[in-house]
Amino acid sequence: MVGKNILAVLVTISSIVTPSPVSADCVVLLHGLARTSKSMSKLVPAFEARGFRVANVDYPSRKKPVEELAQIAVEKGVDQCEVEAAEKIHFVTHSLGGILVRYYLSHQQLPQLGRVVMLAPPNKGSEVVDNLGRVPGYSLLNGPAGMQLGTDAASIPSSLGPVTYPVGVVAGTRTINFLLSQFLPNPDDGKVSVENTKVEGMADFIELPVSHPFIMREDIAIQQALAFIATGEFTR
């Protein structure tokens with residue numbers, strides 16, 4: 001009887017310490033404008049705990065236009081995932097990162113493409129750029145890509161068509177930047193309005209009470225990202 005009890009305990013311990021099976025899928029994380037891969041770091045252990053391989057990509061968001069950043073950032077992530085022989089490559093993006101994925105996939109094919117979660121993406125641009133783009137110092141702070149994110153017909157978001165792959169959009173409804181919010185239709189997250197996060201063809205959409213700068217660090221947003229990558233829909 002004692003031997004059986006010891007065996008049961010050992011089996012229990014083994015089940016606790018044994019890691020989750022490694023998935024054949026890989027998730028590419030792409031940060032937003034004027035941020036670094038460190039801003040997405042909280043997502044890494046969350047996805048790894050579910051068995052995904054993760055490529056947390058750093059790219060020079062303020063130094064080049066969207067056209068160049070898309071090639072640099074997306075291909076960097078794809079290359080890392082291909083080294084791991086990933087069967088599917090998913091994306092979780094913040095802000096500008098979502099536009100880079102859209103631009104890349106509108107010009108390149110990715111046979112291993114899985115699902116895409118966009119956190120606070122300016123899919124229809126941002127009125128902040130419309131109003132402040134010509135203010136001295138704005139372009140210096142936000143770089144060429146930041147100047148391309150307006151709502152006018154010449155902006156990069158306006159030039160991209162509907163998405164034709166599984167996209168889930170997470171929009172924030174709280175702001176900590178009340179100055180910038182003055183330029184945005186309510187509700188907004190301080191950088192982009194809820195309405196302008198939407199994109200034609202998206203598979204799912206959800207609003208969360210979070211702000212633009214911190215959405216990728218919020219547990220509720222991370223859980224929704226995990227849900228969409230795993231199932232193709234958000235949880236309610």
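## Who touches Asp188

Skip the neighbours within four places in sequence, and Asp188 is in contact with Gly172, Thr173, Arg174, Thr175, Ser181, Ser193 and Val194. Bear in mind that this is a predicted model. The residue itself is found in the loop that runs between helix H8 (178-181) and helix H9 (194-197).

Asp188 is buried, yet it has no salt bridge. Which side chain of opposite charge is nearest? That would be Lys191, and it is 10 Å away.

## Aromatic pairs

How many aromatic pairs turn up in a search of the whole structure? There are 2. Phe47 and Phe52 make an edge-to-face pair, with 5.7 Å centre to centre and 75° between the planes. Phe47 is buried, with a relative accessible area of 0%, and Phe52 is buried too, at 12%.

Phe228 and Phe234 pair up as well, this time tilted: their centres are 5.2 Å apart and the angle between the planes is 40°. Both of these residues, Phe228 and Phe234, are buried.

## A lysine over a ring

One more ring to look at is that of Phe205. The charged end of Lys198 sits over it, 5.1 Å from the ring centre.

Terms used:
Residues are numbered from 1 along each chain as its sequence is written. This is a predicted model: local features need pLDDT of at least 70, side-chain atom pairs count only at pLDDT 80 or more; totals for chains, interfaces and linings use all residues. Side-chain values use heavy atoms; hydrogens and water are left out. Helices (H or I, at least four residues) and strands (E, at least two) are DSSP runs, numbered from the N terminus. Buried means under 20% relative accessible area, exposed over 50%, partly exposed in between (1.4 Å probe, protein chains only). Lys and Arg count as positive and Asp and Glu as negative; His and the chain ends are not counted. A salt bridge is a side-chain nitrogen of Lys or Arg within 4 Å of a carboxyl oxygen of Asp or Glu. Contact means heavy atoms within 4.5 Å. Rings of Phe, Tyr and Trp (its six-membered ring) pair if their centres lie within 6.5 Å; planes under 30 degrees apart count as stacked, over 60 as edge-to-face and the rest as tilted. A charge sits over a ring if NZ of Lys or CZ of Arg is within 6 Å of the ring centre and within 35 degrees of the ring normal.
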